[in-house]
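Work through the exercises below with the sequence and the model at hand, and try each task before reading its solution.

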Amino acid sequence: NSQQPIELDEIVKSTRLLLSPELEKSGVTIEYQLEGQGRQVMVNKVQIEQVLVNLIRNSIEALRDSNRDDGKLVLASRLLEDGSIETTVSDNGPGIETDMVDRMFNPFQTSKASGMGMGLSISRSIIETHGGKLWADTQHRQGAFLGFSLPVCD
């Protein structure tokens, strides 16, 4: 469980390679809006990749299930005033049902036929172990909008 300083935007970009086959199969496109400005976070790279893969895979599945042929994901990052980097994953899918938002981070909660419902619970634990926060934005206009913040290391 070794942590090392690493540029968060690089992790976000490398995650695409891990999901390449799924993205191609589903026809979902990814747009990057990375403004981490080269700042680094002290993390276990594999664990942060796991969180991103989970968030992105949830979006891909939601887009696929909604039968959209213009499925799109936006991966964005920005520096916050409190000295952390916020990374968000948003899509133009059906969004998160209001009653699910409160429960979606609980273990064994799933809206999927084949899901175990552990992904977001584990993801939140990983981010909190790294001193950050993981959340879902319910005020988002359309689609799902999830994000996490991690403290920048100097």
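**Exercise 1. Determine how exposed aspartate 70 and its salt-bridge partner are.**

Solution. Aspartate 70 has a relative accessibility of 40% and therefore counts as partly exposed, given that buried means under 20% relative accessible area, exposed over 50%, and partly exposed in between, with a 1.4 Å probe and protein chains only. The next step is the partner: the side chain of aspartate 70 meets that of arginine 68 in a salt bridge, 2.8 Å from N to O, where a salt bridge requires a side-chain nitrogen of Lys or Arg within 4 Å of a carboxyl oxygen of Asp or Glu. Arginine 68, at 33% relative accessibility, is likewise partly exposed. This is a predicted model, in which local features need pLDDT of at least 70 and side-chain atom pairs count only at pLDDT 80 or more, while totals for chains, interfaces and linings use all residues. Residues are numbered from 1 along each chain as its sequence is written, and side-chain values use heavy atoms, with hydrogens and water left out.

**Exercise 2. Compare the span of helix 1 with its expected value, and locate its kink.**

Solution. The expected span is 1.5 Å times one less than the number of residues. Helix 1 (residues 8–26) has 19 residues and reaches 26 Å from its first C-alpha to its last, close to the expected 27 Å. Next, the bend at a residue is the angle between axes fitted to the seven residues ending there and the seven starting there; in helix 1 a kink of about 70° lies at leucine 19, shortly before proline 21. Leu19 is also among the buried residues of this helix, which include Ile11, Val12 and Leu23. After the helix comes glycine 27, with a positive phi near 70°.

**Exercise 3. Carry out the span check for helix 2, and describe what lies at its start and just after it.**

Solution. The 21 residues of helix 2 should span 30 Å, and the end C-alpha atoms are 30 Å apart, which agrees. At its start, a side-chain oxygen of asparagine 44 reaches to within 3.1 Å of the backbone nitrogen of valine 46. Just after the helix, asparagine 67 takes a positive phi of about 55°. Its buried residues include Glu49, Asn54 and Glu61.

**Exercise 4. Which residues form the aromatic pair, and how are the rings arranged?**

Solution. The whole structure holds one aromatic pair. Tryptophan 135 and phenylalanine 145 are stacked, 6.1 Å centre to centre with 25° between the planes; rings of Phe, Tyr and Trp (its six-membered ring) pair if their centres lie within 6.5 Å, and planes under 30 degrees apart count as stacked, over 60 as edge-to-face and the rest as tilted. Tryptophan 135 lies in strand 6 (residues 133–136) and phenylalanine 145 in strand 7 (residues 145–153), so the pair ties together parts ten residues apart in sequence.

How values were computed: Helix = DSSP H or I, 4+ residues; strand = E, 2+ residues; numbered from the N terminus. Polar contact = N/O pair within 3.5 Å; in protein donor to acceptor, adjacent residues only side chain to side chain.
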